[in-house]
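Thanks, everyone. Please have a look at it first.

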Amino acid sequence: MHEKCGVVGISLQDRDAARPLYYSLYALQHRGQESAGIVTHDGFQQHSHVEMGLVGDAFDPDDLESLNGANGIGHVRYPTAGSVNACCAQPFSVSFKSGSLGLSHNGNLVNADEIGDELADLGHAFTSDGDTEVIAHDLARNLLEEDLVRAVKRTMNRIHGSYSLTIMHDETVLGVRDPEGNRPLCIGELEDGYVLASESAAIDTLDGELIRDVKPGELVVLHPDGTGYDTYQLVENEETAHCFFEHVYFARPDSTIDENLVYEVRRELGRKLWEESGVESDVVLPVPDSGRAFASGYAEAAQDEGSDIEFAEGLMKNRYVGRTFIMPTQDERERAVRLKLNPIKSTIEGKKVTIIDDSIVRGTTSTQLIQLLKDAGAEEVNVRIGAPPIVAPCYMGIDMASREELIAGDQSVEEICEEIEADSLSYLSIDAVAETLDTSRADLCLGCVTGKYPYDIEGEATDRDVARPDIGAPSPADD
Ligand code: SF4
């Protein structure tokens, strides 16, 4: 599984925004490793530097020096819509009659093709096949006739899907979160300005203070002089559709998302995992790194009930091996798992082991891991997963796998247990996830674990009363 992107936007009082943007992109590197970019505005013109590769490789000191201006936006990307090449790297920046625009997008529109076709018929020429450019063109068109806030609202009424955006119109930086709040976005205060970011860890990196999450359907406009910000609730929605996998897997444990510290959520999910399906064993091992908080919560809940189960590190991760999803073939993925994890025999040999992971996607890692532990002398290997089974793909910006590749796509828990050769296997329930996030099931996106989505997606079921916007309505330029 792979998060699509991370976005950031900064307005400062009296210094260039390039370096703070660069540092915050470092903090969001886990959200995208394919490309990184920054666009700034110095009050007269836009400056842009966008490169393929990691943040540390994409910028040198001269690049940062050339990005003048106290206002700017940034982006790290891993593609799920659009090609894997430089033309889709972001921020997307362009000059229109209505001024210059820069746009960073985390999420995925489900009606980008329809809007793109309509705009192409009206004469708009696209340079990429990504949905971000569609948003930029639609917004630019609306800006010809509307003020900034109305233009954003008009675009929000046309686009359908998940999006957290940081936008720069001339030197004004904006943040927008989709009406369902599917992807995260928060606002923070710096000593001399304000910052918008996908995760609060980016604000911490700049020694800033998290103010709050941007609300679903809300627009935040930073003052270009770095002295404040205005907010506009542009779309009201009764239900939200927060992606629960942000807490389970994607976000950094030190980030606070929708008022929940991710680390604490993972520990609580681990506690619930013990309550729902705890199994007596000698030792509980996290699958590094994201299984760690789950495993410590699981072991703590077990010990609270008088169990002798011990929490231990039994698997060492080689941090210098590429993440498994970068490997394009099954064969390469299998080898990568073996390169990536090595067991510590003394904590495993002759013991009944429970391993805790955050998810099972294709099952490749789990199968390899169980074999690894048995080879290291484990008497028994039980598997506990801190999320419900993934039965369907994600259309909202997460690179997961196709339905056919998902091990839980057409198999029961018992069948999966047999296939990965575990001694027992249990997943956490959806209700436990909702309870931990202190929300109702109706306010979460559960598409990948129920097969019913909070958006109107062609060929898929929905779990609510949603309809795509009528994008055939003429935009202001046609009025
Ligand atoms: S389908 Fe799953 S991964 Fe995708 S947004 Fe919904 S909860 Fe998140």
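**Surface, fold and backbone details**

Start with the surface. The accessible surface of the protein chain is about 18,600 Å², and 44% of that belongs to carbon and sulfur atoms. These areas come from the Shrake-Rupley method with a 1.4 Å probe, and for residues only the protein chains shown count as cover.

Some ground rules. This is a predicted model, where local features need pLDDT of at least 70, side-chain atom pairs count only at pLDDT 80 or more, and totals for chains, interfaces and linings use all residues. Residues are numbered from 1 along each chain as its sequence is written, and side-chain values use heavy atoms, with hydrogens and water left out.

Now the fold. The chain has 15 helices and 28 strands. The radius of gyration is 23 Å, close to the 23 Å from the globule rule for 479 residues, so the chain is as compact as a globular protein of that length. That radius is taken over C-alpha atoms, and the rule is 2.2 Å times the number of residues to the power 0.38. Helices here are DSSP runs of H or I, at least four residues, and strands are runs of E, at least two, numbered from the N terminus. The C-alpha trace spans about 70 × 45 × 40 Å along its principal axes.

Next, burial. Buried residues make up 60% of the 479. Buried means under 20% relative accessible area, exposed over 50%, partly exposed in between, with a 1.4 Å probe and protein chains only.

Which helix is mostly covered? Helix 5: 13 of its 13 residues are buried. Helix 5 covers residues 131-143 and should span 18 Å at 1.5 Å a residue; its end C-alpha atoms are 19 Å apart, which agrees. The expected span is 1.5 Å times one less than the number of residues.

On to the backbone. Gln90 and Pro91 are joined by a cis peptide bond, omega about 5°. Pro91 sits in the loop between strand 5 (71-77) and strand 6 (92-96). The bond from Pro288 to Asp289 is also cis, with omega near -5°. Asp289 is in the loop between strand 18 (283-286) and helix 10 (291-304).

Last, positive phi. Asp207 is not a glycine, yet its phi is about 60°. Its loop runs between helix 7 (200-205) and strand 12 (209-213). Asp207 is exposed, at 74% relative accessible area. Glu421 has phi near 60°. Glu421 lies between helix 13 (413-420) and strand 25 (424-427), in the loop. Glu421 counts as partly exposed, at 48% relative accessibility.
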